[in-house]
Amino acid sequence: MRIRFTLLLMAMTLSVYAQQTSKEDSLKNKKKPKRYNAVAARYHAGRVLQTNDFVKGENEANQIIDYYQALTISYGVQTDGSKEWHHIFNFPYYGVAFYNANFFNVKELGKPTALYGFMGFPLKRGKRGLWGYELGFGLTYNWEPYDKYNNPFNVAIGSYRTVYIDANMFYEYHLSPRFDLRGSFGFTHFSNGGTKKPNSGINLLSPSIELSYHFKDRPLLIRKPQPAYEQHYEVAIQLGSGSSNLLYDNINTPANPDDPKGAADVMHNYVNLSAAFLKQTTWKNKFGAGFDLSYDEKANVKITYPEDGSLEPTVEFADKTADKMMLGLYGTYEFAIDRLSIASYLGFLVLRHKGENANPLMYQKFGLKYHFKNNLYAGLLVRAHNFSVAEVIEWNIGYRIKWH
């Protein structure tokens, strides 16, 4: 009898243990969500910075354009710590967004709409919220651009499509495990990078408010210290090209929007071969130096101005190919985010033909580079001078040789 009771007790104990083990294994094997995603709506209301005559009131309505409203709908993904760079950047998020603005001047500016990618970087996390900054980059379309006959006042936007650049600081408060409320203050810039003139650009400064909903409860984010970065060197070789448009006014005729003749509209091609030696010193920072060999058709153009103001000036490209060639030396810095880099260049032309319309001695480049697994990369850079005047948008493909 005792033996039977003992066997029965052992069987019951094993059954309970098996059930408990099964539950634990079930919890362990429970699939982690593929991604922690969210949708959000953001409302902007702010100021149009008075950076050109058009927004200052020299427009068809004779009204200052100093206020705007906008709405952004976005889809974002929260990093979960499954990769090293998630911890290094304090669990950033990324996504895509749709933006629509109203400048209350549809006839001359249109209804600009942007599609852009964004990435947010938390600076400080708390129990109920976080501080951080967000960067966005994309394309804007649906403008009413400059037209010398139908829209002659709009010197701000010269093309139907422009680049969209946004940067903002924010504080986000967690209303619940799935709802967040955010307040931010940011700067937005529209420009076509000199592809089509005129191109004074539009700059905005505004606060905004955002409500977001997460499809799953936000993950528990525990930041782990990462090993010191194993520094590496690389040689990067890239080929870039683009085109830019310039308007050459007849200097013998005063500007007259009611009679917009006497201006030559000329498109110029641009090709660039670049090579750089770089060293990445940390997970985030990469430094280097290199050279640019550029072919620019707008370099040293010859302009003949007719006495008759109703006639366009004659624009002739430089006769010799050498007069359109330039050699520049530059220093570069890249802010590296895994495979994505935010790149900046500061360069000086050491060889150029110094004609009447020679390119400025100092130039800058700003833009993005994305590196693929096979050491190929693609990028987009805006070449400028005086840190404010865009010359051309340069589309790049490149290859790097990397070693530790």
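In the hairpin of E14 and E15, two residues lie between the strands, and Asp338 takes a positive phi near 60°. The model is a predicted one, in which local features need pLDDT of at least 70 and side-chain atom pairs count only at pLDDT 80 or more, while totals for chains, interfaces and linings use all residues. Residues are numbered from 1 along each chain as its sequence is written, and side-chain values use heavy atoms, with hydrogens and water left out.

Strand E14 covers residues 325-337 and strand E15 residues 340-351; the two run antiparallel and are joined by eleven bridges. Strands here are DSSP runs of E with at least two residues, helices are runs of H or I with at least four, and both are numbered from the N terminus. Two strands count as paired if DSSP finds at least two bridges between them. Across this pair, Leu329 stands opposite Phe348 in E15, and Tyr330 has Gly347 as its bridge partner. In a regular strand the side chains alternate between the two faces of the sheet. E14 is also joined to strand E11 (residues 285-296), again antiparallel and by eleven bridges. There, Ser294 is opposite Met326 in E14.

These strands belong to a closed barrel of eight, which runs E9-E10-E11-E14-E15-E16-E17-E18 with antiparallel pairing. From one strand to the next the twist averages 25°, taken between axes that are lines fitted to C-alpha atoms (for helices, over the stretch in contact), with angles running from 0 to 180 degrees between N-to-C directions.

Another barrel is formed by eight strands in the order E1-E2-E3-E4-E5-E6-E7-E8, also with antiparallel pairing. Its twist averages 25° from one strand to the next. Within it, E4 and E5 pair in the antiparallel sense over 13 bridges, and Gly110 stands opposite Trp143 in E5. In total, the protein has four helices and 18 strands.

What does the largest nonpolar core contain? It has 24 residues, and those with the most contacts inside it are Val48, Tyr99, Phe103, Leu109, Phe190, Ile202 and Leu204. A nonpolar core is a set of buried Ala, Val, Leu, Ile, Met, Phe, Trp, Tyr and Cys residues joined through side-chain atoms within 4.5 Å. Buried means under 20% relative accessible area, exposed over 50%, and partly exposed in between (1.4 Å probe, protein chains only). Helix H2 and strands E2, E3, E4, E5, E6 and E8 each supply at least two residues of this core. E3 gives the most, with four residues.

Leu204 touches Arg47, Val48, Tyr68, Tyr99, Phe103, Gly186, Phe187, Thr188 and Phe190, not counting residues up to four places away in sequence; a contact means heavy atoms within 4.5 Å.

Asn90 sits in the loop between helix H3 (84-88) and E3. Why does Asn90 count as buried? Asn90 does so because its relative accessibility is 9%. Leaving aside neighbours within four places in sequence, Asn90 is in contact with Pro122, Leu123, Lys124, Arg125 and Arg223.

Over the protein's 404 residues, 43% count as buried. Of the contacts with a separation of 6 or more, 64% are between residues 24 or more positions apart. The protein exposes about 22,200 Å², of which carbon and sulfur atoms supply 61%; accessible areas come from the Shrake-Rupley method with a 1.4 Å probe, and for residues only the protein chains shown count as cover.
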